Amino acid sequence: KKKKNNNPFLYRVTQWLFPKLEKKIPFLADRIFRLAFYIPAKYPVPEKEKEVAKAARKFFIEVEGNRIQLYSWGYETRSYVLLVHGWAGRATQFRKFIKPLEEAGYRVIGFDGPAHGNSEGIKTSIVGFEEVLKKIFSQLGEPLAVITHSFGGAAALYAVAQGLPIHKLINIATPYVADEILKSYLAVLGGSWRSAEKFKDFVIRESGKPFSEFTALYSLQHLRQPLELMIVHDEDDSEMLFLHAEEALQAHPSAKLLRTKGLGHTRILKDDKVIEECVKFISKD
């Protein structure tokens, strides 16, 4: 039975077109690669996520001229746990975490990143997410802990390396290794390593820093403060290979590792055991 391609239509067209453009019109392929890297795809929101969004108190903050949608669940206390979703994701993907965290006595805050979910913007980056995190911390105070998924973990660690006071962090299915991150984008586009090299050149021209300095691994290696870190990663994650977790553990040997099997990249957010272990990690002194 052929596996159904659940990628948005635009992605499917790009996968067909991109390898041809690399050969025939390389400068256009380079532009498309950059667009794919900075403009998140939009996916349909499942009904169960819509329900959990309805149950939240919603409010906005403004970051770099864009209204950013925030969600709050549970008691209105200053002690809160912050949720940071991944690329092309949204806050409500953590829906199964909310009740267990509330029952443990925490207020839960999530947000849709710039250009994601119900927030404004067309494109964003790790720096865009960092700006949102800084604004949330300045308005709501420091969270007790931060739980992230995928790209959200890289954004949180980047913010920590820039001095944001996150002391307890749970990274679920996070990418850490620069070349592996680029390989996963190339897999989506059907592109060759040439495009990745061109993108690396572009990042240096635009930011004055190599792409590797924006990665979670680099951030872990350059922390300015103590960090309690829990790494949750599935052996069968085909989007972010388990190698990412292994490299992170080498960089931060005091991290707690929760290794799962058979959950992949997104189903891991719905697993009761994963959620239970995350709540335990936050609750311990």
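I take helices and strands here as DSSP runs, a helix being H or I over at least four residues and a strand being E over at least two, numbered from the N terminus. The model I am reading is a predicted one.

**Entry: helix α6**

I began at the end of α6, where the helix is followed by Gly163, and I noted that the phi of this glycine is positive, near 110 degrees. I then asked how many residues of α6 are buried. The helix is mostly covered, with eleven of its eleven residues buried, and the buried set includes Phe151, Leu157, Tyr158 and Val160, along with Gly152 and Gly153. Looking for what covers these residues, I found that the cover includes the strands β3, β5 and β6 as well as the helices α5 and α9 (216-221).

**Entry: the sheet**

I traced an open sheet of eight strands, which has mixed pairing and the order β1-β2-β4-β3-β5-β6-β7-β8. At its edges stand β1 (57-63) and β8 (256-260), each with a single partner strand, so one side of each is left without a neighbour in the sheet. Direction ignored, neighbouring strands of this sheet are turned by 20 degrees against each other on average.

I looked at one pair in detail: strand β6 (residues 168-172) and strand β7 (residues 228-234) run parallel and are joined by five bridges. Within this pairing, I asked which residue of β7 is the bridge partner of Leu169; the partner is Leu229.

**Entry: helices on the sheet**

I followed helix α5 (residues 126-140) and saw that it lies across β1, β2 (66-73), β3 (80-84) and β4 (107-111), running at about 115 degrees to β1. Helix α6 (residues 151-161) also packs on the sheet, where it touches β3, β5 (145-149) and β6, and its direction makes about 140 degrees with that of β5.

**Entry: α2 against α8**

Last, I checked how helix α2 (residues 26-38) meets helix α8 (residues 193-207): their axes come within 10 Å and cross at roughly 70 degrees. Since angles of 65 to 115 degrees count as roughly perpendicular, α2 and α8 are therefore roughly perpendicular to each other. The crossing in which α2 passes α8 is right-handed. On the α2 side the contact is made by Pro26, Asp30, Phe33, Arg34, Phe37 and Tyr38, and on the α8 side by Arg194, Ser195, Lys198, Phe199, Phe202 and Val203. Sorted by class, this contact of α2 with α8 has seven nonpolar, one polar and four charged residues.

Methods:
Residues are numbered from 1 along each chain as its sequence is written. This is a predicted model: local features need pLDDT of at least 70, side-chain atom pairs count only at pLDDT 80 or more; totals for chains, interfaces and linings use all residues. Side-chain values use heavy atoms; hydrogens and water are left out. Axes are lines fitted to C-alpha atoms, for helices over the stretch in contact, and angles run from 0 to 180 degrees between N-to-C directions. Angles under 35 degrees count as roughly parallel, over 145 as roughly antiparallel, 65 to 115 as roughly perpendicular and the rest as oblique. A crossing is left-handed if the near helix is turned anticlockwise from the far one by less than a right angle, and right-handed if clockwise. Contact means heavy atoms within 4.5 Å. Ala, Val, Leu, Ile, Met, Phe, Trp, Tyr, Cys and Pro count as nonpolar, Asp, Glu, Lys and Arg as charged, and the others, Gly among them, as polar. Two strands pair if DSSP finds at least two bridges between them. Buried means under 20% relative accessible area, exposed over 50%, partly exposed in between (1.4 Å probe, protein chains only).
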